[in-house]
Amino acid sequence: QGAQRTISDICNAGAADAVAIAAPERSAMTYGKLRELAGHTVSALNALGIGRGDRVAMVLPNSPETLAAFLTIGAGASTAPLNPAYRQEEHAYYLSDLQAKALVVRSDGGEEAKLARAAAETHGIPVLDLVPDTDGPAGSFCLKGGTPGEAATPGFAREGDEALVLHTSGTTSRPKIVPLLQRNVWTSARNIREVLQLSADDICLSIMPLFHIHGLIAASLAPLSAGGQAYVPGPFNALSMLRWLQESGATWYTGVPTMHQSLLDRALKRPDAAKGLGLRFIRSSSASLPSQTMKQLEETFGCPVIESYGMTEAAHQMTSNPLPPKPRKAGSVGIAAGPQVAIADEAGTFVPQGEAGEVCIKGDNVTPGYENNPDANAKAFFQGWFRTGDQGILDPEGYLTITGRLKELINRGGEKVSPVEVDEALMDHPDVAQAVAFALPHKKLGETVAAAVRLHEGAGLDEKTLKGFVAERLADFKVPQRIVFLEEIPKGPTGKMQRIGMAEKLGLVET
Ligand code: ATP
Ligand code: MG
C-alpha cells in the first residue's frame, strides 16, 4: 500500500509502549494497544458489511472510548459523529440524510443513546453497541450487534477514501454536510503539529466536543500524529478544568474563547493553582478571541496563547499565530498554516495586500465539496480555491485579521460595522467579562448595532455609562444603540456565540 496519508497512519505514529490515550483514574492506552484495537474494529466492521468509506454515525458524549472509536472506526470506514444533545427528530433527520450504514451508541449510554437508537430504528439503520472494557486501558471497547454481511471494500482505508463527515455549526445558515477525505484530515493534523511543534512528549488536555472538527483534529489527531498523548476526561466542565490540567500533566489544550473565559473566571479566584502548571501554550480557535482575554490568559497561566483560524470545510486549521520567538499578534489569526491563503473580491479577483475581501484557501486539507448542495458548491469553489465566507485583511508580514463573517457584518444604513471591533471596545471596560455585538433590525436603517454583555461578578455598570465609554473609542455609528446585560450569553451547540438571530433570541425584535 505504501505511505498513506490516513488516520491509521496517525495511529502508527507512536512507539508501541508510548501512551496514546489517557483518562482520570484509568490505566493508559498505548499505541501498541491502539493499533491492536484498530485491527479488531476494522475486521468487526468488515464482518458486518461495512467497508472503506462507508459511513458509521456515532452519538457519543466525550470519553476516552469516543476518541478510540473515532480513531479505530476511522481507520477502516468513515465516521459521522453527531451532537449527543440532539433530540430524536434531529437524529432521525441527520441519520437518513447521511445514509449511515450503522449507528454506534454506548451500551451504558444515557438519554442520548436512547433517543439516537430510537431514531435509527425508525429508519432501519442497524445499531452497534459500543461496550466499554472498564477493566482495560482507557478507551478500550468492543462493538456488539449488527447483522453479518460482506464488505465490498474491506481493510484499512486509503487516502482518497472518506474519513469523516460533519455538519457546519449552522452559525450563518442551516448546517451543511461536509465530507472530509483521509488525506484532508491527515494533512490538517500535520499542519497543526508543525505550527505547534508537537512532539511525543506533549500531552493535550482534550476538552473540545468530539463531534466538532476542532476537537477531532486539533485535540485528537494532531497530538497523536506527533506520537504524543490525548488526555480525555469527559465533557468540558469549567469547575474541573484546573484540576484536569494539574492531574493530566498537560503541556497544552485547545478551546473556543467561551471556554477560556469560563476557565479564567475560575483561575482568577485561584491564581496559585493557575501558576506552576506545565503548559507550553494554550491554543484558541473557532471564534475570534478578544485581545483582553488573550492578555489575561497569558498573565494568569504564564504561557503564550496561540490563536488559530479554522473551519469544518478546511478540516479545521487554515492560519495560525506562530510559537515564540516568532511574533504573535493579538487580534490577528496569524499566518497561512498549511493551505495557501489569499483575499479575493466578489468576482474572484485577488485584491492588493492591505485591502479587505473574502478569505480564500487552497490545500490538501480542504473538503472536495458539500454534499447534495450544488448551489453552495458553485458559490464556494473557483479555480481550485475555496471561499470561506469570512472577511479579512492580510498585513505586509502575511498576518491575517478576520474582520467578521460576511453574513455577520452589521449593515447600518449602508455603513458596514464589524461586530468584532465593537466586542473589543466593550471588553476594554474593566467591568466587562464578555461582550457580543450583533445586528438589531431597524425601520429606517435596516440594521443598527446592539450588544449583549456579561459583567464581572459584583460589577454595577449601567447602559449609559458603557455607551459613553465605547463612544470615546469608536465612531458614533458603531456605538451600540442597545446594550443588554445578561448573566449568561446564549451559545450555539459547539459553544460559539451566534450573532445571527441573537436579537430574536433576546426578544429585542418586535414581531
Ligand atoms: P455555518 O458555516 O453553518 O454558518 P460555522 O461557520 O460557525 O457555521 P464552523 O465550521 O464550526 O461552522 O466554524 C468556522 C467559522 O468560525 C469560520 O468560518 C470563522 O467565521 C469562524 N472562526 C474560526 N476561527 C476563528 C478565529 N480565530 N477568529 C475569528 N473567527 C473564527
Ligand atoms: Mg461556516
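1. Val 104 stands opposite Leu 128 in β6. The model is predicted: local features need pLDDT of at least 70, side-chain atom pairs count only at pLDDT 80 or more, and totals for chains, interfaces and linings use all residues. Residues are numbered from 1 along each chain as its sequence is written, chains are lettered from A and ligands numbered from 1 in the order in which they are written, and side-chain values use heavy atoms, with hydrogens and water left out.

2. Strand β5 spans residues 102-106, and five of its five residues are buried (under 20% relative accessible area, 1.4 Å probe, protein chains only). Strands are DSSP runs of E with at least two residues, and helices are runs of H or I with at least four, numbered from the N terminus. In a regular strand the side chains alternate between the two faces of the sheet. One side of β5 carries Ala 102, Val 104 and Arg 106, the other Leu 103 and Val 105, and both faces are covered.

3. β5 runs parallel to β3 (residues 55-58), with three bridges between them, and Val 56 stands opposite Ala 102. Four bridges join β5 to β6 (residues 127-132), also in parallel; pairing requires at least two DSSP bridges. With helix α5 (residues 111-122), β5 and β6 form a right-handed β-α-β unit.

4. The largest nonpolar core holds 76 residues; a core is a set of buried Ala, Val, Leu, Ile, Met, Phe, Trp, Tyr and Cys residues joined through side-chain atoms within 4.5 Å. Helix α7 (residues 213-225) gives the most to this core, with eight residues. Leu 71, one of those with the most contacts inside the core, touches Ile 7, Cys 11, Ile 21, Leu 34, Leu 221 and Leu 224, not counting residues up to four places away in sequence (contact: heavy atoms within 4.5 Å).

5. Ligand 1 is surrounded by 21 residues (a heavy atom within 4 Å). Polar side-chain atoms of Thr 312 and Asp 390 each lie 2.6 Å from an oxygen atom of the ligand. For Glu 307, a polar side-chain atom lies 2.9 Å from a nitrogen atom of ligand 1.

6. Thr 254 belongs to strand β12 (residues 252-255). Why does Thr 254 count as buried? Thr 254 counts as buried because its relative accessibility is 0%. Its side chain makes a polar contact with that of His 214 at 2.7 Å, and another, of 3.0 Å, with that of Arg 283.

Terms used:
Buried < 20%, exposed > 50% of the residue type's maximum accessible area, 1.4 Å probe, protein only. Right-handed = clockwise from strand over helix to strand, strands pointing away. Polar contact = N/O pair within 3.5 Å; in protein donor to acceptor, adjacent residues only side chain to side chain.
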